[in-house]
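Here is a short briefing to read alongside the model. Please keep the sequence and the 3D view open as you go through the points.

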Amino acid sequence: MSGSGAVPLRLRVRFAKTGKIRFTSHRDVARIWERALRRAALPVAYSEGFSPRPKLSFGLALSTGHESMGEYLDVNLREGALDADEAVATFPARVDPMLPDGMVIQAVEPLAPGSDSLQEAVTTCTWLLELTGLDPDGVVAAVDRTLAADAIVVTRERKGRAANDDIRPGILGLQVLPPGTGCGVVEAELACQPRSLRPAELVGALDPALHARRVVRIHQWTQAGGARREVIPLPPAATLAPHAQVRA
Amino acid sequence: MAQVNRDIWAELEPHLADVEKPARYIGLELGAQRPAHAPHKVSWLLTYPDTYEVGLPNQGLQILYEILNERDDAVAERSYAPWTDLEGVLRRERIPLFSVDTHRDAGAFDVLAFNLSAELTFTNLLNCVDLAGVPVRAAERRPEHPLVAAGGHCTYNPEPIADFLDFVVLGDGEEAVGEITEVLRQWKAGGRTEGSREQVLRELSHLEGVYVPSMYEVDYDGPAIKAIRPRYPDVPERVEKRTIADLGAWPYPRNQLVPLTEVVHDRLNVEVFRGCTRGCRFCQAGMITRPVRERPADQVRTMVEEGLRRTGYDEVALTSLSTADFSGIEGVVKGIVDGNGPSDDPMSCGNVSVSLPSLRVDAFTVGIAAQIQKARRTGLTFAPEAGTWRMRQIINKLIREEDLYGAVDSAFSQGWRRVKLYFLTGLPSETDEDTLGIVDLARNCVELGRKHNKNVQVKASVGGFVPKPFTPFQWFGQNTVPELHRKVGLLRDAARGNRSLQLTWHDPKATLVEGLMSRGDRRLGPVVEAVWRRGGTFQEWSEHFDLALWESAMAENGLELDWYVHRHRAEDEVLPWDHISAGLHKDFLWQDWQDALAEVGLPDCRWTPCYDCGACTGYGIEHVVASPVPPAGGSQGTGQDLFRSSGVPVALTTKPPVGAPS
């Protein structure tokens, strides 16, 4: 920690992870960012001690193989190295070229001092699930059945033991997207707290015959004064275009 | 014939979520290329026959990848052995082996070129060729099939896999790949017609450093080899390895690949020299890569600086067979460490650490290590290789006990708490006293450490010795599995009760098969094939290694493990690799073997007269050392007294090293 009392500059970065790169793991992505920031020669703050690490904090892990149109990362910069406006303005141009194909910076904001960490702040995520295994009517029926259920009990492993959980309260939104968006595409808003409801668990609960051949996280939401707010909202064009990219 | 435009990615993608670590198969690394294929370009698929994690860092493969892609008439992509889960998917879904760069069908390349760094990967080579849809036996391939090639240290005796290889590149590949490309370009232009395969292979056999196994015939006399002869008068009787004279002319890799997922040696690697003159008699790498060719210190500095900036790595390894011997080591290390202050330089965003993968055993080396490893002093590794001075004279690893203790004491006193020591057992004329000397040394190191810290740890790692071709020990009969087990047992008993001393050992059964492949001949082809056909892949991996597969395949082919592995060879025996030359005179090696048995050491020839091993004189080049002054550290930690004359068998006058005052 710094002893001077000055406030270090923190940036919150929103980025996409799509295509082949989705097969990298959460740890891989952390390493990719560390190296990209070094290559961009950005004045990233480092921890002290025997093994200094760049001060980066990542949001909720994205499972290997899932894509995302809204991943987040907080970057601490060295005190006084850059002013906030300059850092925000130049960050994408400096860092984006250093990222591999499929990882794209979407937005950068300065982070107010004392902000919650991403892990604390994000309460729900919206997912697009491209499903196979049932025809479109079957998918609609499974969604209706799930929404009508009072409780959906699944068995999960917790600390090495099987535990029964009702996942129904974790399903905050569920709809089949209209035809044209692609057959069997479901949009779901799932809770991240107190435990994350994973898309694979939802698919299993919808119908054992279903299989998600593509999973895309499209939004991460926080609560502010009782209202849902996206961590960093994008202009409408930017959010719509990627939806259109979801393959039929 | 394989379809050229098959989109393997589309076929592969739906299955990747079901396999372990799918990032191994996606490519996209920093430095990865997407070369444009064209009918007039020769396409190479450079394949490492083990997992991506093991194969990606291979520097030889990366060097050739760049050199080939810089040519107008070649393209190169990369491939690695798919893990067993993906192999199952590929076979079930009838998807061929593919390149990770553009996900192209391996069978659509002109050359499948393998890097062979370990004998136990031989069956993986067959598996990759088969997954590419290519017949595993060279004789069954047709004009439309790729040529299957190999290079790397194991190819100095490629005979056990001669049946499966169309051609072999011996030694440094930097220049040879271009010459091969030119021959193959003509072949392609000629339409790869019926019968042209044999013709192009014959042409390749005329290139220096290229060995075409099918152009040679082996005559046997009972179990012994009578003669190995070329089939045609225009094919050389002996194939000489390739040697590049000036490492400074080849500053590769320029764009080292930076993987997206975890691999071994995940750091910037800069090769500081090639070759070694220490003359350790067990060490094949040191013998076959002679002469020493240093990279100019300024070029090393530039490659480190530019490499760190380009890759974003925070660690750089200065690689060679003995990096503390690099004549520019102090200056280079100082440059990296000093350029490590707080500034906006990317190299300074956090600390850059330097690693010397092959530490010399002396206090000087520890001093260098202390200079670069200011923080996090956890472990240092040394390789005394044998437990007694007698044994170390036999293997010519001339480290005195004082050198080791000086190094270890220096390490513990400067804050390191763990020391790892590498040893070999099963060495020529090794007695139980020699074997037990390993534990004595390790125990003394523990005692030294306890003076500085109560919680020191000494780890002694023991490997069974495998005699290798082109070393003075190529005539030595390897220890049997029971004998190696017995020696490991002696060591375990002796080490028992010392909590600070940890002993680990390599599986003697794997050592047996390494020995079989290391000095085997062409009659082992059916054995390798049978083991592969019965699922014996990934034999490097202890969970997959299966000695029973090898034993039964040997028995079925009427061959004896004992004859191949444990038998001492006579001076006049024709060795399976006698038609190959690593530049070393056979009589030099034999003399060195006799010296070993007489317990006579042979000091480093860089600062003593020449022994005429053949490596320099044969190529008309001298040791290329960047500085005329012997590196700091006095005796080099070898116990070598540079001022006393040593009984050298042959004394030729050598030119002074480059840059020396005349």
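Helices (H or I, at least four residues) and strands (E, at least two) are DSSP runs, numbered from the N terminus. On that basis, chain A has six helices and 11 strands. Please note that this is a predicted model, in which local features need pLDDT of at least 70 and side-chain atom pairs count only at pLDDT 80 or more, while totals for chains, interfaces and linings use all residues. Residues are numbered from 1 along each chain as its sequence is written, and chains are lettered from A and ligands numbered from 1 in the order in which they are written.

**Chain A overall**

- The C-alpha trace of chain A spans about 60 × 40 × 35 Å along its principal axes.
- Of the 248 residues of chain A, 33% count as buried. A residue is buried if 20 or more other C-beta atoms lie within 10 Å of its own, exposed if 12 or fewer, and partly exposed in between, with C-beta atoms placed from the backbone.
- Two residues are in contact if their C-beta atoms, placed from the backbone, lie within 7 Å. Among contacts in chain A between residues at least 6 apart in sequence, 73% join residues at least 24 apart.

**The two domains of chain A**

- Chain A is divided into domain 1 (9-115) and domain 2 (120-232), with bounds that come from an automatic or database domain assignment.
- The centres of these two domains, taken over C-alpha atoms, are separated by 27 Å.
- Where they meet, 13 residues of domain 1 of chain A are in contact with 11 residues of domain 2 of chain A.
- On the domain 1 side, β1 (9-17), β3 (67-77) and β4 (103-110) of chain A each give two or more residues, and β3(A) gives the most, with five residues.

**Between the chains**

- 21 residues of chain B are in contact with 24 residues of chain A.
- The chain B side divides into 13 nonpolar, five polar and three charged residues. Here Ala, Val, Leu, Ile, Met, Phe, Trp, Tyr, Cys and Pro count as nonpolar, Asp, Glu, Lys and Arg as charged, and the others, Gly among them, as polar.

**A sheet in chain B**

- An open sheet of six strands has the order β2-β1-β3-β4-β5-β6 (chain B), with mixed pairing; two strands pair if DSSP finds at least two bridges between them.
- Its edge strands are β2 (74-80) and β6 (210-211) of chain B, each pairing on one side only.
- β1 (residues 42-48) and β3 (residues 111-115) of chain B pair in the parallel sense over four bridges, and B:W44 stands opposite B:V111 in β3(B).
- B:V111 is also among the residues that B:A149 touches, along with others including B:L112 and B:F167.

**Helices in chain B**

- In α17 (residues 525-533) of chain B, the buried residues include B:G525, B:V527 and B:W532.
- What covers the buried residues of α17(B) includes α5 (122-131) and α18 (547-556) of chain B.
- B:G535, whose phi is positive, near 90 degrees, follows α17(B).
- B:Q591 sits in helix α20 (residues 586-597) of chain B and is partly exposed, with 18 other C-beta atoms within 10 Å.
- The C-alpha atoms of B:Q591 and B:P472 are separated by 8.0 Å, although the two residues are 119 residues apart along the chain.

Notes: Lists of a residue's contacts leave out its neighbours within four places in sequence.
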